Amino acid sequence: MRMWVYVVRRVALLVPVIIGVMTITFLLVTALGPQQQLYSAFGPPPIHGTIHSYNPTIPCSEITPGANGTCANPLWNELAPKLGLNQPIFVQWGFYIYRSFTFQWGLVSNFSETQGPLSAFIHGQSVSTVLAQLLPYTLELAIFSLIIILAVAVPLGNLSAVYRNRPVDQASRVLSFSGFALPAFLLATLLVLAVVLVLGTSTLVHTPWCPGGETSYSEITGSWPTPLGCGAPGGGGPISNFYYPTWLTYGIVSHPTGFPTVDAMIHGNWWLAFDTILRMVLPAIVIAFGSIAILLRFVRNSMLEVMNLDFVRTARAKGVPESTVVKRHAGRNSLNVTITVLGLTFAFFIGGFPIIEDVFQLNGVGYILALSVLPGQEDFALIFGSTLLFTFLVVAANIIVDVLYAYLDPRVRLG
Amino acid sequence: MASAPPPSPVSSGRRPSPRIAQYKRTWFFLRRNTLALVGLGILIFLIAMALYALTLPIPWNQMDGYCGVHLPGCTYVCTTPPSPPGPNCYAVNQNFPSFIPPTLSTAGGTLTAGQLPLGSLSQTPYSQIYYNTLSGILRGADWSLVIAFSIVVSGALIGLMVGAIAGFWGGAVDEALMRLVDIFLSIPVILFVIITVSVFSQFTIPGLSPFSSRMLLLILAFIVVWWPFYARIVRGQVLVVREQKYVEAARASGAKKGRIVARHVIPNSVYPVFIQMSLDVGTVPLLVGALAFLGFNLFGLSSSEVLPEWGSLSAFSVNQFDAVFGACSVGVCVLPWWQILFPGLMLFLFAISVNFFADGLRDALDPRLRR
C-alpha cells in the first residue's frame, strides 16, 4: 500500500517536468514562426505546397486570378485558430501542451526523397503513428544494450574492486577511459572495419549463416534499404522493405508486438530472430560502451567503500568465505549503485541513439531524427516529435528507477 | 599522508590564508600521482599546440590545402579553388611545413600506398579538396580547446551561481530552481543541441557573419543545457557547507547573505565542480563531432570547407571513409586510415588527459582516497 502511494507521488512529481520540457520545445517552435507551425501540423498546403502559402495575407491574385493587392489568406483563417495562433501566447502554450499530451504531433511534411526510401511511405502520415512504429526497434536495441551494460560493468566493477591495482583493475580502467574518450561514431566505424578485416570482405556480399542469402555491405550494419537476411525475396525491393517492417518480406504477415525479434519468435521464424539479434550486436556494443565506462567507476568505488564497512568485517570475522562475502554481503550493494547511476545517466545513454542508429542505419526513432535534421531539409514535426518521445523515455526510465530503488531499499519508500 | 609531511607552504614570514594552503596541499598530492601528471603533461602539450597554431602562416579558419591528388580507384576531379597547376593538379602550399616530401611521385595521376607519407593528406567529404592532416590537427587544437573551455567554464559559472542560490536560500527558490534543473536534465544534451541548432540555423544573428553567428549559437546551446549538471552538484555541496560552523559564525557577526554566499559558501563548494569540469571538457569535442557526423552545417561554411576542429575533422573523415571504402571495394585502393586516426587520436588524447587529471584531482582532494 505504501509502495503505491510512493509510486503515484513520484509520477505526479514528473508531470511538471514533462510540461517544462514541452514548454522548452514550445518556445523553440514559436521561434520558428506561425507558418512553420501550420506547416508542421497540417502538412504542405494545397495552394503552392510551400510554407509561404500559410502566410496570414497573400497576394489576391493567388485566390482569384488577375486580382490586385493583398488579401487575407483563407487557409490561415481556417487553420490558425486550430492551433490558437490568433490568440495570446499563453493560450498558444495551452494548445501546444494539450496537443503534445494527446500525441497530436503534426504530420511528416518535409521528408524528401533524398532522405531515404522511407519518404514515400511516411510522407503525410501522422508523426506519432510513424514514431510508434519505429519505437520498438529503439526499445529493443536499448534493452539489448542495457543487458550488455549490466553483464559487463557490474561483474567487472566488482572484480576490479576486489583485485584493486591488479591487472584486472588496470584493464577495466583502460576500458573505462576509452569509453569516455572515443567518439561513438568513430568506434562504430572501427568495429565495422574490424569485422570486415577479420571475417574478410566476403562478409560484405554473403551472410554465411543464411543458406544462399545474399546481402551487401550494409548487411553487417543492419541497414534499412537492402533486402534483409535469409530467404528475403529479391523482388521486395528496397522501399517495400523499408516502411513495411522487415518481417513482411519473410512471409510473416502479422506483427502482434511490433518488436521484430519477439514477432519472429512468435511466428517460429528462428532464422529471422537470429538475424535480428545479430544485427543488433555491433550497435548495442557501441551504445553500451559509454555507459559501461561510467558505471564501472561507480561500481568499483562503491564496492571499495562497502568492503571497508563494519558488516563486511563482521562477516569475515565470523568465518564466512571470502567469495561469499564479496557476492552476498558487499556485492549486493552494487545493484543499488547500478540502478541509481543508470537512472542518472539514462539521458546520456538515450542521447547516443541518433548517432548509432545513423551509423548502423537501424530503423529506429534515432535514425528518423538523424535523417530529419539534414540542413535545408528539416522536418520540424519529426524533429520535435522524436525529441518529445526521447524525453518521455527518459522520464519513464526515471520512474522505473525510482520504483526499483524503493523496492530494493525499504528506507526510501518508508522514510 | 604517511611518508612525507605536507610541505611548509611558506618558508618564513606570515602564514598564507587557509585556502592558499589548501591549494598548495592539493598540488602536493597531485604531484605524487603519475597518471595525473601524465594527463597534465598532455594537456599542457595540447595547449602549447593550440598556441603554436596561432602563429601559423595560414588563415585562422583554414587548413593547408591540396587539390586533386588522386587515390587509385577513386577518380575525383578537382573543381574547387585553388585551381590546379598541372595535369595532375597537385598543389602544395609552400608556406606550411609539410610532411610531404618534395619528390612525391604522382606518376599516372595517382598516388600509391607507399608514396603516401604518414599524416599527409586528408579529404573533405564534398569537395575533393585534400587538406594537410597535420595542419588540420594543429589548427583544430585552437577551435576544439576554445569551444570546449568556453562551454564548460560558462556552464560551470552559471551552475555555480544557480546551485549556490538554490542551496543557500532553500524553500520556494530552491524548489523552483531545482525543478528547472530537472527539466533540463531530462532532455538529452545532444538532442537539445540538435533541436536548438536546427531551429536557429534558420536565422542569422544580425551584425554577425554566418560563421560567428553559428559558432555563438552552438556554444550558447551547449551552455543552456550544460549548467544544470553543475547546479545540482553545487547545491548538494552547499547544503552541507551552509550548516558549517564558519557560516554560522559569519552570520552571527552580521554578514549579509550575498557576502556569505560569495566569500564562504561558494569557495568551499567548488572542488567537485573542478573535477566535473575537467571531466566534461573532454566530452564537448566528442559531442561536436557527433553533431558534425549527423550532417549539420554547424559553422555556416560553404560545402567545400570544413572547420579545422578535431570533432568535425574526425566526423568528416569517418563519413569520407565510408565513401572511399565503397569505392575501394571495386578495385584495389588505399584505405586513408591516417585521416581517421589522427583527428580521432587528438580527441582521444584530449579526453584521456583531462580524465587522468580529474582522477588525480579527486584523489588529491578527497582524503579518504589517498593512500
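A:N165 counts as exposed, having 10 C-beta neighbours inside 10 Å. (The cut-offs: 20 or more other C-beta atoms within 10 Å of a residue's own make it buried, 12 or fewer exposed, anything in between partly exposed, with C-beta atoms placed from the backbone.) This is a predicted model, so local features need pLDDT of at least 70 and side-chain atom pairs count only at pLDDT 80 or more, while totals for chains, interfaces and linings use all residues. Residues are numbered from 1 along each chain as its sequence is written, and chains are lettered from A and ligands numbered from 1 in the order in which they are written.

Back to A:N165: this residue is not a glycine, yet its phi is positive, near 60°. You'll find A:N165 in the loop between α6 (127-162) and α7 of chain A; helices here are DSSP runs (H or I, at least four residues), as are strands (E, at least two), numbered from the N terminus. A:F103 is another non-glycine with a positive phi, about 60°. A:F103 belongs to the loop between α4 (89-101) and α5 (119-122) of chain A, and with 15 other C-beta atoms within 10 Å it is partly exposed. Most residues other than glycine have a negative phi.

## A buried proline and a partly exposed alanine

A:P45 is also a loop residue, placed between α2 (34-42) and β1 (57-59) of chain A. A:P45 is buried, with 20 other C-beta atoms within 10 Å. Skip the neighbours within four places in sequence, and A:P45 is in contact (C-beta atoms, placed from the backbone, within 7 Å) with A:S53, A:Y54 and A:L75. A:L278 sits 233 residues away along the chain, and its C-alpha atom is 43 Å from that of A:P45.

Over in chain B, B:A262 is part of helix α8 (residues 257-265). B:A262 is partly exposed, with 14 C-beta neighbours inside 10 Å. Its C-alpha atom and that of B:A48 are 33 Å apart, across 214 residues of chain.

## How α19 meets α20 in chain A

What angle do the axes of α19(A) and α20(A) cross at? Roughly 150°, with the axes of α19 (residues 365-372) and α20(A) coming within 9 Å. (Axes are lines fitted to C-alpha atoms, for helices over the stretch in contact, and angles run from 0 to 180 degrees between N-to-C directions.) The crossing is left-handed, meaning the near helix is turned anticlockwise from the far one by less than a right angle; clockwise would be right-handed.

From α19(A), A:V365, A:I368, A:L369 and A:S372 meet A:L382, A:I383, A:S386, A:L389 and A:F390 of α20(A). Seven of the residues in this contact are nonpolar, two are polar and none is charged. (Nonpolar covers Ala, Val, Leu, Ile, Met, Phe, Trp, Tyr, Cys and Pro; charged covers Asp, Glu, Lys and Arg; the others, Gly among them, are polar.)

## Where the chains touch

Chain A and chain B each put 38 residues into their contact. On the chain A side, α1 (2-32), α7 (167-181), α8 (184-199), α17 (346-351), α18 (353-360) and α20 (380-408) each supply at least two residues. α1(A) gives the largest share, eight residues. By class, that side of chain A has 30 nonpolar, six polar and two charged residues.

## Confidence

Overall, the model scores ipTM 0.83 and pTM 0.81. Chain B has a mean pLDDT of 73, with 66% of its residues at 70 or more; pLDDT is the predictor's confidence in each residue, from 0 to 100. Residues 64-129 of chain B stay under 50, and the model has 132 contacts beyond four places in sequence for them. Residues 326-334 of chain B are below 50 as well, with 21 contacts beyond near neighbours in sequence. Where pLDDT is low, the predicted coordinates should not be read in detail.

Key:
Two residues are in contact if their C-beta atoms, placed from the backbone, lie within 7 Å.
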